[in-house]
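Subject: The structure, and some notes on it

Hi,

Here is the structure I said I would pass on. Have a look at it first, and then read on for my notes.

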Amino acid sequence: SDAVLEIKSLDVDYGLGADAVHAVQDVNLTLHRGEVLGLAGESGSGKSTLAYGLTRLLPPPGVIAGGEVIYHQDNGDTADIMRMTDAELRRFRWAQTAIVFQGAMNSLNPVHKISTQLTDVIKAHDPASTPRSRLGRAREMLSLVGISADRLDSYPHQLSGGMRQRVMIGMALALDPRIVIMDEPTTALDVVIQRQILGQLIDLRERLGFSVLFITHDLSLLVEFSDRIAIMYGGRIVEEAPAADIYRDSLHPYSDGLLHSFPALRGPRRELTGIPGSPPDLRAMPTGCAFHPRCPKAFDPCAADLPVLGVPESHTAGQQRTVACWLHPIH
Ligand code: ATP
Ligand code: MG
C-alpha cells in the first residue's frame, strides 16, 4: 500500500473511568505517501488531541484509550506507534515526523540567535555533523522557507510572526522528515501570510517528498491546498473526501456549514452564513448524531442513532469518500 500512517479505531480520552472525556472516538484515517491531508473542524472537535495522540505527545490527563497507529517505513516494515518503546518513539519523532504545533512560533528561545537554534536541532538529529555543515544546512533550510541567510544572526523578537513561523517550519524540515504534521501553524497570522506559508510547504512537499497532515479551522484554506480533507465533529470524523469533492459536493451538513463559515479564496463566492449554535459539550453529548441539534436537515433517525462512517450508496467505492450522516445511506 502507499500508506505512510494508518490510524485505526483510535480513541483518546482525558481522564479515566466514569470521569473520562472522550475527545477522539473511533477515528480511522490514512495518510498516503506524498499527499497533503487536511483536517478541519471547529474549536474543540478534537483535532489537536488526535495529532498529539497519534504522535504519543499527549499531555496528561490525556490517555490513548484504544486503537492503533501503524507507521509504514520505506523498507516495508510496519510498527504500531501506540506500542513503541520510549527509545523507538524518540527516534520516530526526530527522524521521521516533524511536528509544528499551535503557537509554535512562540516556542523559539528568545535569548538565542536563529542560527544557534537551527544548528542545535540539526546537531541533535545528526550528532556526527560538523559545525560548518550544520551552519550550511541551517542556511539552506531558511532559504527553503523563503528567509534570507542574513536573518541567521537575528534574535526571534527581531522577526515578524510570519518569519518566526517559517523558521519553525525550516527547523522541522531540517530533520528531513517523512511526515510533517502542522496544527494550525499560522493561527495568529493574517490570511495572506497563512496562504504564503502553506503554498511554500506544498512546493517543498513536491521537492522533498514528505506527507503532510495539516490541521486548521479554515476549510477554504484546505480546499485550496490539500489533496484530501477529513472533517471532525465532536471527536469523530464525519466526512472524508478528495478536497475537490468536499468543495463541489460536500455530503455532511456540517461540512456544508464549515464551507459557509470562511470566505472562499478561489471560485464562486459563497454566502457566509456560519453554523448556528455551538459545538457539543463532550461531557453531555447529544444522542444519535452529535450534530443533530444544530443540523438544518435533521430528521427522525438523527437524534436516535449514531450514523456509521462509510461509503455512501450514491457513490462507488472507487471514489474514496466516506460520510457519517443519516441523509446518506452507506453501502
Ligand atoms: P481548536 O481548534 O480550538 O484547537 P481542537 O479541535 O484542537 O480545537 P482539542 O484541543 O483537541 O480540540 O480538544 C478537544 C476536546 O478535548 C475539547 O472539548 C477540550 O475541551 C477537551 N480537552 C482538551 N484538553 C483537555 C484536558 N487537558 N482535559 C480535559 N479535556 C480536555
Ligand atoms: Mg487544536
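Predicted model: local features only at pLDDT ≥ 70, side-chain atom pairs only at ≥ 80, totals over all residues.

Overall fold

The protein chain has 10 helices and 11 strands. Its C-alpha atoms fill a box of roughly 65 × 45 × 40 Å along the principal axes. A compact globule of 331 residues would have a radius of gyration near 20 Å, and the chain agrees with that at 20 Å. Of those 331 residues, 41% count as buried. Among the contacts with a separation of 6 or more, 60% are between residues 24 or more positions apart.

Around the ligand

The core and helix H5

The largest nonpolar core has 84 residues, and the members that touch the most others are Ala172, Val212, Ile231 and Val238. Helix H5 (residues 161-173) gives the most to this core, with 7 residues. H5 is largely enclosed by the rest of the structure, because 12 of its 13 residues are buried. Those buried residues include Arg164, Gln165 and Arg166, as well as Val167, Ile169 and Ala172. The length of H5 agrees with expectation too: at 1.5 Å a residue it should span 18 Å, and its end C-alpha atoms are 18 Å apart.

As for Val212, leaving aside residues up to four places away in sequence, it touches Val36, Leu37, Val180, Met182, Leu201 and Arg205.

Backbone details

Pro60 and Pro61 are joined by a cis peptide bond, with omega about 10°. Pro61 sits in the loop between H1 and strand S4 (62-72).

Asp26, in strand S2, has a positive phi of about 50° although it is not a glycine. Asp26 counts as partly exposed, with 17 C-beta neighbours inside 10 Å.

Asp176 also has a positive phi, near 50°, and is found in the loop between H5 and strand S7 (179-183). With 14 other C-beta atoms within 10 Å, Asp176 is partly exposed.

Happy to go through any of this together.

Best wishes

Note on methods:
Residues numbered from 1 in each chain as written. Chains lettered and ligands numbered in written order. Core = buried A, V, L, I, M, F, W, Y, C linked by C-beta atoms within 7 Å. Buried ≥ 20, exposed ≤ 12 C-beta atoms within 10 Å, placed from the backbone. Helix = DSSP H or I, 4+ residues; strand = E, 2+ residues; numbered from the N terminus. Contact = placed C-beta atoms within 7 Å. Expected span 1.5 Å × (residues − 1). Rg over C-alpha atoms; globule rule 2.2 N^0.38 Å.
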